[in-house]
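Hi,

Here is the structure I promised to pass on. Have a look at it first, and then read my notes below.

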Amino acid sequence: MPRPRRTPAPVIRITHWIGALSMLAMIGSGWQIYNASPILPFSFPSWMTLGGWLAGGIAWHFAAMWTLMGAGCVYLAHGVVSGHFRRDLRPQGARAIGRDMGLALRFRLSHAPGRYNAVQRLLYTGVLIVAALTVASGLSIWKPVQLGWLTWLFGGYDIARRIHFTMMALIVGFLIVHVVLALLVPSTLVGMVFGRRPAPQDPETVR
């Protein structure tokens, strides 16, 4: 019988799904808030939004924000203490990133469960930075008077709002790529949902 591969720790799986659901709620409610005062010449259709109206969107946004921040703090603490960030997510050099990016574009990038290739490391590290900027810019437009220094760092309320929208768009893009890759390499999804999984004989290759 094949021995199981190393899979994400329970704390990573739990915070991952709490964070995913919270992020979906924040995106939908954020689009509801955006529709009340669009900064671009379009609005999101009502079926894509959450809250029904501005006050409802704000209520959902803040509720999901605290849930997301709680799960994020637990994840960050575990990542630092357990060495997960240093061992699994520390970005590799430009040569490794270029090599794996080329393989990914040709749909020949292999994936071994429990191991992160250079592209995954780059994406996950990047989305953590984007998430931090999203939180900071969100706080600056939530409390522009009390946190005036933070709003000032972002260049003022209007610019901070545009930065917040841009970071949200990047997160949506990451989620789309993340879901597509999970469907192409389903063993990663199985491991994130159920935990331990049998070890394949060879690394899977996305083709």
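One term before anything else: a charge sits over a ring if NZ of Lys or CZ of Arg is within 6 Å of the ring centre and within 35 degrees of the ring normal. Here, the charged end of Lys-143 does this over the ring of Trp-142, 5.0 Å from its centre.

Some housekeeping. This is a predicted model, where local features need pLDDT of at least 70 and side-chain atom pairs count only at pLDDT 80 or more, while totals for chains, interfaces and linings use all residues. Residues are numbered from 1 along each chain as its sequence is written, and side-chain values use heavy atoms, with hydrogens and water left out.

Now the overall layout. The protein chain holds eight helices and two strands (DSSP runs numbered from the N terminus: helices are H or I with at least four residues, strands are E with at least two). From the N terminus on, the order is α-α-α-α-β-α-α-α-α-β. Of the 207 residues, 38% are buried (buried is under 20% relative accessible area, exposed over 50%, partly exposed in between, with a 1.4 Å probe and protein chains only). Among contacts with a separation of 6 or more, 65% are between residues 24 or more positions apart (contact means heavy atoms within 4.5 Å).

Next, the inside. A nonpolar core is a set of buried Ala, Val, Leu, Ile, Met, Phe, Trp, Tyr and Cys residues joined through side-chain atoms within 4.5 Å. The largest one has 16 residues, and Met-23, Met-26, Trp-31, Tyr-34, Phe-44 and Phe-165 touch the most other members. Helix H1 (10-36), helix H2 (54-82) and helix H7 (157-184) each give two or more residues to this core, and H1 gives the most, with six. Setting aside neighbours within four places in sequence, Phe-165 is in contact with Tyr-34, Ile-39, Leu-40, Phe-42 and Phe-44. There is also a second, separate core of seven residues, including Ile-12, Tyr-75, Phe-85 and Val-127.

On to the rings. A pair of aromatic rings is described by the distance of the centres and the angle of the planes. Rings of Phe, Tyr and Trp (its six-membered ring) pair if their centres lie within 6.5 Å; planes under 30 degrees apart count as stacked, over 60 as edge-to-face and the rest as tilted. The structure has eight such pairs. In one of them, the rings of Trp-66 and Trp-142 have centres 6.3 Å apart and planes at 75 degrees, so this pair is edge-to-face. Trp-66 is in helix H2 and Trp-142 in helix H5 (residues 118-142), 76 residues apart. Trp-142 is partly exposed, at 32% relative accessibility.

Tyr-124 and Phe-174 also make an edge-to-face pair, because their ring centres are 6.0 Å apart with planes at 75 degrees. Tyr-124 lies in helix H5 and Phe-174 in helix H7, so the pair ties together parts 50 residues apart in sequence. Tyr-124 is buried at 19%, and Phe-174 is buried at 16%. Elsewhere, Trp-31, Tyr-34, Phe-42, Phe-44 and Phe-165 form one aromatic cluster.

Last, have a look at His-61 in helix H2. His-61 is buried, with a relative accessible area of 13%. Which side chain does the side chain of His-61 make a polar contact with? The partner is Ser-29, at 2.9 Å (a polar contact is a pair of N or O atoms within 3.5 Å; within protein, one must be able to donate a hydrogen and the other to accept it, and residues adjacent in sequence count only if both atoms are side-chain atoms). Leaving aside neighbours within four places in sequence, His-61 is in contact with Met-26, Ser-29, Gly-30, Ile-33 and His-164.

Cheers
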